[in-house]
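Hello,

Here is the structure I promised to pass on. My notes follow below it.

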Amino acid sequence: MGDGLTVLDQKTQDSSKRAMDKITNVYIWDMDETLILLKSLLNGTYAEAFSGSKDGQKGVELGKMWENHILKICDESFFYEQIENYNKPFLDALNQYDDGRELSDYDFNQDEFSSPYDDLNIKKLAYRHRAIANKYKKGLQNIFDRETLSFWDELYNMTDVYTDRWLSSARAFLEQCSSGKEGSTSSLASANGIIDSTDAKFQHINVLVTSGALIPSLVKCLLFRLDDWIAHENVYSSWEVGKPQCFQWIKERFANPNVRFCVIGDGWEECEAAQTMQWPFVKIDLRPGSSHRFPGLSLRTVGYYFSVVYGKDDTEHDEE
């Protein structure tokens, strides 16, 4: 009996040690003009990068379709019309006000949620955040009927063709980052967004920090098919607090000597915030022919940026 306990204790200690020794890569993503294309379709800058070979008007039309339907879904399915003026940097920001009430029979249209922004209304807002988190976890198939899902598939595919597979390539790369292997198609995010690599030495976390409002950003994650790789608790809105503050929260949340951060985006704000944190920054470039766009960006390239800041590790980001 004693020997059995000793062996069990030893296995537990070994498992704990492996977990502590594991290197965690946290990829901090911008959204627009990085993982998705929307603003550059609407204002024509995506088409302009192709010096006349892209139909700019078609890009604008696609962008307007996305924009109009995203806002409609936000209002109809994600309470945005009610809570637009109460943007929070992440869904869990009001957890302390949520008493855990069962929401299956809760009538959000009759609970008289409004300003002033007192404790009672904060609790009602927290309920809405929890309901949004549950919808996000369940996915689009539990929100829309088959006809609506078919419409979104068609719009996604049309946009993907117009952008030379930017959307599907960015999603595939997000998946590769999740596993640390080129061409991976098997890893899925756990409930907390942490993904163990097939290499026992690493685990990977995708975090989104967007300058857009929180609820539309979550809806974009769903519609652009990013929700398998970015958990709802890993979506941050810097709309009011700024990206430096979001980066600081992320650093504190994943504080560990074995955690490595890398920021990937196209804007000056995330670039400056990454420099302040002394994290590597990969700048996305819309121009065709660039290796820092989609398709184009590779794990080998991102691995180079990791190595510049954290030192080279030959076992990570090897091309298959």
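Contact here means heavy atoms within 4.5 Å. By that rule, and leaving out residues up to four places away in sequence, Leu41 touches Tyr46, Gly59, Val60, Gly63, Thr159, Tyr162 and Thr163. Leu41 and Thr159 are 118 residues apart in sequence, yet 9.6 Å apart in space, C-alpha to C-alpha. Leu41 sits in helix α2 (residues 39–42); helices are DSSP runs of H or I, at least four residues, numbered from the N terminus. Leu41 is buried, at 1% relative accessible area. Buried means under 20%, exposed over 50%, and partly exposed in between (1.4 Å probe, protein chains only).

Two notes on origin. This is a predicted model: local features need pLDDT of at least 70, side-chain atom pairs count only at pLDDT 80 or more, and totals for chains, interfaces and linings use all residues. Residues are numbered from 1 along each chain as its sequence is written, and side-chain values use heavy atoms, with hydrogens and water left out.

Tyr310 belongs to helix α12 (residues 299–310). Tyr310 is partly exposed, with a relative accessible area of 31%.

Last, the inside. A search of the whole structure finds 1 cavity of 30 Å³ or more. A cavity is a set of points, on a 1 Å grid over the protein atoms alone, where a 1.4 Å probe fits but cannot get out; lining residues have an atom within 4 Å of a point. Residues lining the largest cavity include Tyr80, His129 and Leu214. Helices α5 (80–83) and α9 (214–223) each supply at least two lining residues.

Best wishes

Notes. 1 Å grid on protein atoms, 1.4 Å probe; cavity = no way out; pocket = protein on both sides within 12 Å on 5 of 7 lines; lining within 4 Å. Points joined across faces, edges and corners; volume = space filled by probe spheres on them.
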